[in-house]
Amino acid sequence: MFQINPLPENAFSHLYGLCDEDLARQNVQVHVSNGAAPCRVSLTDLAEGQRVFLLNFEHQPGKSPYQSRHAIYVGDGALENHPAPDVVPASISSRLLSVRAFNAAHEIIDADVIDGSEVAGLISNFFSNPDVDYLHLHFAKRGCFAAKVTRADG
């Protein structure tokens with residue numbers, strides 16, 4: 001069993017409702033969703049016309065050569081969505097993905113590119129290796145971090 005994890009809303013809630021100028025001072029761009037902006041907190045594609053933030057986020061803080069940051073979208077006012085175990089949200093399953101398997105030392109020990117509609121099987125396959133501690137999903141076309149995947153309890 002696996003769990004797709006959203007980014008915590010409290011990491012971004014201080015931005016919610018700020019004016020564009022205040023956000024720009026924090027290096028946050030404000031966009032209007034075209035209906036295909038994948039929010040990393042709600043794990044949904046934000047509705048067309050919704051205000052969305054584009055900002056830099058350290059998705060791989062582990063102290064290794066793979067430490068990394070990249071641009072992500074977060075909806076203004078987004079609430080955390082925790083999918084049920086073994087459920088891949090449509091905002092992820094509808095895209096081409098790069099899946100990276102990390103060990104406890106935050107080193108990539110396996111990786112693949114796969115259509116999101118088939119990612120559940122790859123996740124299970126990677127977790128069959130006891131050396132895999134967690135996975136990162138990235139949207140392959142732009143390379144943006146999508147979500148962290150962990151083993152589900154139970």
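**Rings, charges and burial**

Tutor: Y66, F102 and Y134 are joined into a cluster by ring pairs. The model is predicted: local features need pLDDT of at least 70, side-chain atom pairs count only at pLDDT 80 or more, and totals for chains, interfaces and linings use all residues. Residues are numbered from 1 along each chain as its sequence is written, and side-chain values use heavy atoms, with hydrogens and water left out.

Student: How many aromatic pairs are there by the rule?

Tutor: The count is 3. The rule takes rings of Phe, Tyr and Trp (its six-membered ring) with centres within 6.5 Å; planes under 30 degrees apart are stacked, over 60 edge-to-face, and the rest tilted.

Student: Why is the pair of F12 and F57 called tilted?

Tutor: The ring centres of F12 and F57 are 5.6 Å apart and the planes stand at 45°, so the pair is tilted. F12 is in the loop between β1 (2-5) and α1 (20-25), and F57 is in strand β5 (residues 51-60), 45 residues apart. Helices (H or I, at least four residues) and strands (E, at least two) are DSSP runs, numbered from the N terminus.

Student: What makes F102 and Y134 a stacked pair?

Tutor: The angle between the planes is 10°, with 5.1 Å centre to centre. Stacked needs an angle under 30 degrees. F102 lies in strand β7 (residues 96-102) and Y134 in strand β9 (residues 134-139), so the pair ties together parts 32 residues apart in sequence.

Student: How do you know whether F102 is buried or exposed?

Tutor: Its relative accessible area is 3%, so F102 is buried. The cut-offs: buried is under 20% relative accessible area, exposed over 50%, partly exposed in between (1.4 Å probe, protein chains only). Y134 has 4%, so Y134 is buried as well.

Student: What lies over the face of Y134?

Tutor: K148, at 4.6 Å from the ring centre. A charge sits over a ring if NZ of Lys or CZ of Arg is within 6 Å of the ring centre and within 35 degrees of the ring normal. The charged end of R95 likewise sits over the ring of F139, 5.2 Å from its centre.

Student: What makes R95 and D45 a salt bridge?

Tutor: Their side chains meet at 2.9 Å, N to O. A salt bridge needs a side-chain nitrogen of Lys or Arg within 4 Å of a carboxyl oxygen of Asp or Glu. R95 lies in the loop between α2 and β7 and D45 in strand β4 (residues 45-46), so the pair ties together parts 50 residues apart in sequence. R95 has a relative accessible area of 18%, so R95 is buried. D45 has 30%, so D45 is partly exposed.

Student: How many salt bridges does the whole structure have?

Tutor: The search finds 4. One of them joins R25 and D22, with the closest N and O atoms 2.2 Å apart.

Student: Why are R25 and D22 said to be about one helical turn apart?

Tutor: Because they are 3 residues apart in helix α1. R25 has a relative accessible area of 63%, so R25 is exposed. D22 has 28%, so D22 is partly exposed.

Student: Which residues form a network of salt bridges?

Tutor: D20, R51 and D76. The side chains of D76 and R51 meet at 2.6 Å, N to O.
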